[in-house]
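Let's take a walk through this fold, strand by strand. Have the model open and follow along.

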Amino acid sequence: MIKKIPTTAVPLSIFEIAKGFRSFLSQKRYIGEFEKNFARYMGSEHAFAFNSCTTSIYIFLKALKRLSNKLEVVIPAYTVPTLVLPILKAGLKPRLCESSLDTFNMDFDYLADVVNDNTLCVLPIYHFGFPYNIDIPLRLASEKNFFTLEDAAQAPGATLNGQKVGTLGDAGCFSLCRGKNFSTVSGGMLITDSDELATIIREERDRLPRQNLTFKLTIPLILTVYSLVTRPFNYGLFYRLIAPFKHNTIHESFDAIQYSDFQASIGIDLLKKLDKFNEIRRTKGMALYEALKGNEQILLPKITENSTPVFNHLPLVFKEVKSMEWVQQELWKRGIDTGRMYRKPVHHLYDLGYDREKELFPNALSIAEKLITVPTHPYLDDESIEKIIDVFKRLDT
Ligand SMILES: Cc1ncc(COP(=O)(O)O)c(C=O)c1O
């Protein structure tokens, strides 16, 4: 079978990419328009675009440092490992909180023991696009006087009780990198309602270097390749060439620079389609979720009442590594690729002063070792959904 369903994809036509070249031909600044539209879409006062979500976190933390001399930033022990980089670059200290086997996010039952008088900020993260209740960090934040930054990198457009996630705390951040619900190859957005924070963020952002010409010229090329290779026929045909680019290496640093008008001009059009794409993901994701939810061999993330998840992926945690490997192989044989996000918890990859001999975060370790992601993007067809369901039925018998 040549056709293979990739782990991630955002349908984007060559025509839409070509439209981005309007930014090279006009004096118009597309970044400002994209920021305005994004803020309006989210229902927030201010939005700032960056070259990545990592940079947006870094700038937010730098802004906080101008308001407070506290030094610790709390993230879950199971997450995107490179989240430690913006914290360290801002001269701050990452502190880890145990993860939850119910949500695969930070377990807030442990948070009161992690925060202290030196806590500057807590980052609740909506892994895989599933909103969950962040009342506990918000309450602790007002009691202990720290900030909250909702990391909604994987959850643009997801809502909780009718409100978009990313607007519930002091600020929210979003990623526009490959693999997200809408992508301009790279990019990040930071939103806030606070005029005070916005003034500092704007100042810090304006000091960042602009993208150089080589980078500006490579972006359209990467976007074109990404758009083409994530189409199932091409993905199957060119898989051997694509595979080496799929494995995430652990970065030791990142570039903090500005976003580009080329990407912003594409982002403006993509944002208009975000709700439609999210709806498609939700329909496919829920069809899988409903079919797999009774399976004894796996854990699925809890879907919070009154929330609309946006299914960046469907994550599954297996009870046994052997079953996980079997499912991955069987799905691949049927033309469906799966992902292994963050195979180790953060403190196993970066030395943050935690004793690696004593396992302090067993849930995070278990999630890292036994989680796969199943695609839910618009290229996942009904036939493939049936095949996925069938493989899991065989696992359960
Ligand atoms: C939850 C989360 N936070 C932050 C990031 C960093 O995003 P970026 O790659 O745009 O810097 C990612 C990217 O994968 C992410 O998934």
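How many of the five residues of strand β9 (residues 188-192) are buried? Before the answer, some ground rules. This is a predicted model, where local features need pLDDT of at least 70 and side-chain atom pairs count only at pLDDT 80 or more, while totals for chains, interfaces and linings use all residues. Residues are numbered from 1 along each chain as its sequence is written.

Now the answer: five of the five residues of β9 are buried, so the strand is largely enclosed by the rest of the structure. Buried here means that 20 or more other C-beta atoms, placed from the backbone, lie within 10 Å of the residue's own. Strands are DSSP runs of E with at least two residues, helices are runs of H or I with at least four, and both are numbered from the N terminus. In a regular strand, side chains alternate between the two faces of the sheet. In β9, Gly188, Leu190 and Thr192 point one way and Met189 and Ile191 the other way, and all are buried.

So what flanks β9? Strand β1 (residues 46-50) runs antiparallel to β9 and is joined to it by five bridges, with His46 standing opposite Thr192. Strand β8 (residues 171-175) also pairs with β9 in the antiparallel sense, over five bridges, and here Ser175 has Gly188 as its bridge partner. Two strands count as paired if DSSP finds at least two bridges between them.

Zoom out and you get an open sheet of seven strands in the order β1-β9-β8-β5-β4-β2-β3, with mixed pairing. β1 and β3 stand at the edges with a single partner strand each, so one side of each is left without a neighbour in the sheet. Neighbouring strands of this sheet are turned by 25 degrees against each other on average, direction ignored. Such angles run from 0 to 180 degrees between N-to-C directions, using axes fitted to C-alpha atoms, for helices over the stretch in contact.

Further along the sheet, β2 (residues 72-76) and β4 (residues 119-122) pair in the parallel sense over three bridges. Val74 is bridged to Val122, and Val73 stands opposite Cys121. The chain crosses from β4 through α7 to β5 in a right-handed β-α-β crossover: with the strands pointing away from the viewer, the path from the first strand over the helix to the second runs clockwise. Helix α7 (residues 135-144) lies across β4 and β5 (147-151), running at about 155 degrees to β5.

Leu92 is worth a stop too, in the loop between α5 (84-89) and β3 (93-97). With 21 C-beta neighbours inside 10 Å, Leu92 counts as buried. Leaving out residues up to four places away in sequence, Leu92 touches Leu61, Leu71, Glu72, Val73, Ile87 and Leu120, a contact being C-beta atoms within 7 Å.

Methods. Buried ≥ 20, exposed ≤ 12 C-beta atoms within 10 Å, placed from the backbone. Contact = placed C-beta atoms within 7 Å.
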